[in-house]
Amino acid sequence: MDAKFLDILVCPLCKGPLVYRKAEQELVCKGDRLAFPIRDGIPMMLESEARELPAEEEVE
Ligand SMILES: [Zn+2]
């Protein structure tokens, strides 16, 4: 995924920065502990699409 593209993406809920997890193809918001999936290179920036991170899952 294009790094520039990543720069402009923020969490739709808190407008905070997102962490790109290449292996999982997810964009993670640390504040909300939500992981937004990337499907076919397109980030699904919808709360309804996001996965809630379990408490034990460490966010870098
Ligand atoms: Zn957020």
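This short talk goes through the zinc site, the nonpolar core and a salt-bridge network in one predicted model.

First, the conventions. Because the model is predicted, local features need pLDDT of at least 70 and side-chain atom pairs count only at pLDDT 80 or more, while totals for chains, interfaces and linings use all residues. Residues are numbered from 1 along each chain as its sequence is written, and side-chain values use heavy atoms, with hydrogens and water left out.

I start with the zinc ion. Its protein donors are Cys11 (SG), Cys14 (SG), Cys29 (SG) and Asp32 (OD), at 1.8 to 2.3 Å from the ion. A donor here is an N, O or S atom within 2.8 Å of the metal, or 3.2 Å for Na, K and Ca; water is not among the atoms, so sites may look incomplete. Along the chain the donors follow the spacing C-x2-C-x14-C-x2-D.

What is the arrangement of the 4 donor atoms around the zinc ion? It is tetrahedral, because the donor atoms subtend angles of 101 to 116 degrees; the criterion for four donors is that all angles lie between 85 and 135 degrees.

On accessibility, Cys14 is partly exposed at 40% relative accessible area, whereas Cys29 is buried at 1%. Buried means under 20%, exposed over 50%, and partly exposed in between, with a 1.4 Å probe and protein chains only.

Next, the core. The largest nonpolar core has 10 residues: Leu9, Cys11, Leu18, Leu27, Cys29, Leu34, Phe36, Ile38, Met45 and Ala50. Such a core is a set of buried Ala, Val, Leu, Ile, Met, Phe, Trp, Tyr and Cys residues joined through side-chain atoms within 4.5 Å. Strands β2 and β3 (34–39) each supply at least two residues of this core, and the largest share, 3 residues, comes from β3. In soluble globular proteins, nonpolar side chains tend to be buried together. Not counting residues up to four places away in sequence, Phe36 touches a list of residues including Cys11, Leu18, Leu27, Cys29, Met45 and Ala50. Contact means heavy atoms within 4.5 Å.

Last, the charged residues. The whole structure has 5 salt bridges, each a side-chain nitrogen of Lys or Arg within 4 Å of a carboxyl oxygen of Asp or Glu.

Which residues are linked in a network of salt bridges? They are Arg21, Glu26, Arg51 and Glu57. Glu57 pairs with Arg21, the closest N and O atoms being 2.7 Å apart. That pair links distant parts of the chain, with Glu57 in the segment after β5 (51–52) and Arg21 in strand β1, 36 residues apart. Arg51 pairs with Glu26 at 2.9 Å between the closest N and O atoms. Arg51 lies in β5 and Glu26 in β2, so this pair ties together parts 25 residues apart in sequence. Between Glu26 and Arg21 the closest N and O atoms are 3.8 Å apart.

Glu26 is buried at 10% relative accessible area, and Arg21 is buried at 13%. Arg51 is partly exposed at 32%, as is Glu57 at 23%.

Technical notes:
Tetrahedral: all angles 85-135°; square planar, octahedral: opposite > 155°, others 65-115°. Helix = DSSP H or I, 4+ residues; strand = E, 2+ residues; numbered from the N terminus.
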